[in-house]
Amino acid sequence: MKSFFEITGENGDTTTTSYLFTDSDRYFFDCGEGFQKFIKGRPNITLGKVKSLFITKLTWDCIGGLIGLFLTLAEYNVKIKVYGPKGLHKLFTASREFQYSLNVEIHEIDTDKVQIIKDELFTFYTLPIFKSNSNSNTNSNINTNSNIDTNTNTNNNNESIIDEKGLPKFTYYGKKPNFNQENIENYDEPIVCYIGKTKDFRGKFYPEKAEALGIPKGIAYKLLQDGNSVLNKDGETITPDQVMQASVKGTKIAVIRCPSLEYLDSLLKHTHLFKDIHVVNHITPNSVLTNDKYIKFMETISNQLLSITTTATTTTTENSGTKHIIVNDENCERSSGCLSSDIQISKLRKFIPQLFPINDIQRQQLSINLKDSKILNTTNVIPCKDATNITLGPPQNAGEIQFLSMFLNSNNSSSSSNNNNNNNNDNEDNNGEIIEEFINTKQGQIFKNQLDDKIKEVESDCNKCCFPKILFTGTGSAIPSKYRNVTGNFITLIDGSNLLLDAGESTFGQLYRFFGPIEIKKQIINLKMIWISHLHADHHLGIPNLLEKRQQYSKELNIEIKPLIIIAPNSIIQWIKDLSSIIQMNFIGIPIGQETEEFYEICKSLDIKSVTMVPVIHCNFAFGIVIEWNDGFKLTYSGDTRPCKFLSEMGKHSSVQIHEATFEDEKQNDAISKRHSTVGEALQVGRMMNCKFSLLTHFSQRYPNLKMGTYRDTNYGLAIDLLQIAPYQYPLVYRMIEPFSLLFENEAQKKLDRKQQIHQQTLIQQPNKKFKAAKQPDDTIDPLEKDAKRLERYQNKYKKVETNLPAYLFNIITKSLSKVENTFDDLNNQPQIDDNDDF
């Protein structure tokens with residue numbers, strides 16, 4: 001069995017994840033926020049092959065990607081088991097409003113005992129650890145002479161107990177969401193570490209020996225290879241050891257998460273289980289890693305004899321020493337978790353850097369202090385870098401380590417430690433050359449000069465309006481792609497305060513990419529309010545991570561902060577409250593339309609004059625928002641909606657509207673059925689609103705790059721991830737539409753030409769090579785009928801949408817609420833699809 005273990009680091013925008021790969025199945029350890037976005041383009045990761053996930057801790061860094069992942073996995077129709085600490089089911093029960101029926105089983109681990117989980121390929125040991133009340137900073141010695149057999153459950157010297165028969169408790173099944181739930185209010189921060197072992201590697205089968213012993217070819221050969229005895233022609237029993245080499249013991253890995261010294265004593269109770277470990281993934285901060293007790297623990301693991309049996313003789317190979325892979329943000333290089341997006345943005349910055357003022361400061365990397373250990377050294381204690389890949393099987397290669405590029409077709413996949421992230425070109429290759437080549441063309445020079453002239457013009461205006469600044473943390477819809485994250489609009493005011501309109505998954509990661517590892521702390525501390533438009537997951541799954549990080553940074557910087565104000569539909573407020581039983585979050589939740597003193601106070605501190613929340617045409621309790629500041633600046637944000645006359649009226653004379661434009665105009669039938677808007681419809685809303693400028697966002701992921709517009713309007717722009725724009729810069733985003741569209745078209749053509757060139761070269765070099773034929777459409781299915789049925793499914797989703805909701809107009813100065821009735825009735829009178837339309 002070929003298998004390997006792969007580890008990626010703590011990169012700031014993406015959290016660490018480790019994977020076990022086999023020929024047939026995939027196993028993941030932890031699934032933090034942004035997991036889907038991160039694995040786009042990763043080699044060897046086939047979602048349909050995911051078998052089990054193992055969670056170490058109930059923090060958003062470990063579980064924040066689960067809901068988004070399973071919403072995507074629903075189309076694969078495979079059942080996946082998730083194992084983790086007690087309380088894990090709460091994530092799914094709290095999310096019932098928007099995650100529906102998922103084919104997932106939750107199994108919660110007994111935090112008092114070591115349990116064993118087995119399948120046909122692996123055996124896993126669960127190692128629960130807790131915070132200790134004792135002083136874990138004492139650098140006392142630990143027993144390094146542990147010879148306990150892992151097959152026994154004896155408990156000497158306060159060692160952990162192995163439960164040979166008990167299994168993790170089955171607490172939740174997505175197809176029956178009320179299954180076997182416990183009503184537990186608070187959890188005591190348990191962490192579960194894991195040891196995994198491959199099945200034993202089968203020895204070589206010698207057919208000549210089998211033939212000599214009179215065993216007929218066929219099924220008997222297979223039975224012997226599977227470990228069964230058979231009868232030969234003379235009726236004699238032949239055992240597998242007579243015709244095969246001896247099996248080789250399986251390879252072991254361990255995943256240790258020890259976030260502070262408070263957990264160390266609990267972890268050390270499991271020392272006797274760390275025998276013959278090939279690779280240990282240490283998810284530990286530098287303060288733990290350099291502690292004397294932890295170093296001795298690592299030495300104990302390395303002292304255990306690792307051997308690989310290739311014949312009857314046991315030999316030790318150069319790969320047999322334990323590899324300690326270190327994962328933290330202090331000792332490890334940062335690797336891009338969003339390489340394709342980084343490359344795309346680097347192209348845009350060459351044209352107009354003012355709109356992408358990304359902080360390029362990198363975090364400092366500390367060397368690992370191993371305290372003059374005679375066992376541990378730089379060859380066996382290795383900081384995680386890119387995708388750190390360790391072979392587990394075949395056994396003769398176990399322990400081989402490589403540092404691979406994290407993304408498909410990157411140029412620098414090697415085992416060398418000399419690795420520069422700037423060389424990772426994702427085969428959007430030679431990006432610098434492509435962009436420079438385009439700029440140096442006659443047409444490119446014209447566009448560049450026009451942009452430069454416009455930049456000088458707007459920058460020289462003494463009365464330019466610099467705030468509020470809008471940073472787009474996500475401009476895609478539904479699920480994240482490698483180019484566009486899901487929705488988020490981060491708004492910065494003149495005093496440095498921030499508010500957020502929608503917060504899809506990985507909003508924090510996007511902010512980290514933009515602000516860098518130092519500035520991000522200040523920006524999150526200064527986040528005062530989050531407003532959520534509706535209950536769809538792509539608009540709010542980023543909230544828990546923002547709340548967690550805000551608390552973390554306030555402690556690190558020793559700054560006392562007030563609870564974050566979150567305004568959202570009541571179901572979202574309840575979701576966050578339910579999650580608070582397993583994740584520590586400090587917030588005040590206010591349902592849309594509800595008056596509270598906290599709401600008026602936070603709006604006053606943000607210098608807001610009025611806030612209007614307007615029901616729009618999408619799903620139940622979907623809203624847009626109109627914010628007017630005391631200086632007269634007025635912003636309208638649509639959320640997800642069909643063109644809404646009510647929103648146009650309430651947002652009259654806005655300085656800017658941020659409006660969704662999910663589809664191009666030729667996909668209007670999709671827009672109607674899914675209750676979204678086309679680009680042309682969004683611009684029409686801007687005209688009806690008489691707004692000064694329209695920024696379009698929430699594009700379908702089928703449009704990864706900017707698209708050329710064919711509209712008479714000149715007061716609009718197309719948003720892209722990590723675009724930050726001030727009001728005086730609005731004209732620049734319109735000016736960039738045409739050159740960027742041509743740039744990407746030019747690049748796409750070059751890629752196509754290269755692909756065809758490679759194909760032709762392959763035909764010349766390998767004339768007999770067979771290429772897989774493209775799948776032909778089924779002529780028996782009417783494509784119009786098929787598409788009509790597809791769109792009808794979406795229409796049926798919205799038949800019971802509440803239509804009789806008012807707009808809520810909050811006057812912040814007088815602290816009063818007015819309800820404005822909708823007289824347009826466009827919630828009820830949405831156009832329906834004509835089945836005779838040309839799809």
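Guide: One term before we start: a helix crossing is called right-handed if the near helix is turned clockwise from the far one by less than a right angle, and left-handed if anticlockwise. Also, please keep in mind that this is a predicted model.

Visitor: Got it. So which hand is the crossing of H14 and H15?
Guide: The crossing of H14 and H15 is right-handed.

Visitor: And what angle do H14 and H15 pack at?
Guide: About 30°, with the axes of H14 (residues 507–525) and H15 (residues 543–556) 10 Å apart. Because angles under 35 degrees count as roughly parallel, H14 is roughly parallel to H15.

Visitor: Which residues in H14 and H15 meet?
Guide: On the H14 side they include Phe-508, Leu-511, Ile-520 and Ile-524, and on the H15 side Leu-546, Lys-549, Arg-550 and Tyr-553 are among them. By class, this contact of H14 with H15 has seven nonpolar, three polar and four charged residues.

Visitor: Nice. Switching to strands: in what order do the nine strands of the open sheet run?
Guide: The order is E10-E6-E5-E4-E3-E2-E1-E20-E21, with mixed pairing. At the edges are E10 (169–173) and E21 (401–404), each pairing on one side only. On average, neighbouring strands of this sheet are turned by 20° against each other, ignoring direction.

Visitor: How about E3 and E4, in what sense do they pair?
Guide: E3 (residues 26–29) and E4 (residues 50–54) pair in the parallel sense, over four bridges.

Visitor: And what stands opposite Phe-29?
Guide: That's Phe-54, in E4.

How values were computed:
Residues numbered from 1 in each chain as written. Predicted model: local features only at pLDDT ≥ 70, side-chain atom pairs only at ≥ 80, totals over all residues. Heavy atoms only, no water. Axes fitted to C-alpha atoms, helices over the stretch in contact; angles between N-to-C directions. Helix = DSSP H or I, 4+ residues; strand = E, 2+ residues; numbered from the N terminus. Parallel < 35°, antiparallel > 145°, perpendicular 65-115°, else oblique. Contact = heavy atoms within 4.5 Å. Nonpolar A, V, L, I, M, F, W, Y, C, P; charged D, E, K, R; others polar. Pairing = 2+ DSSP bridges.
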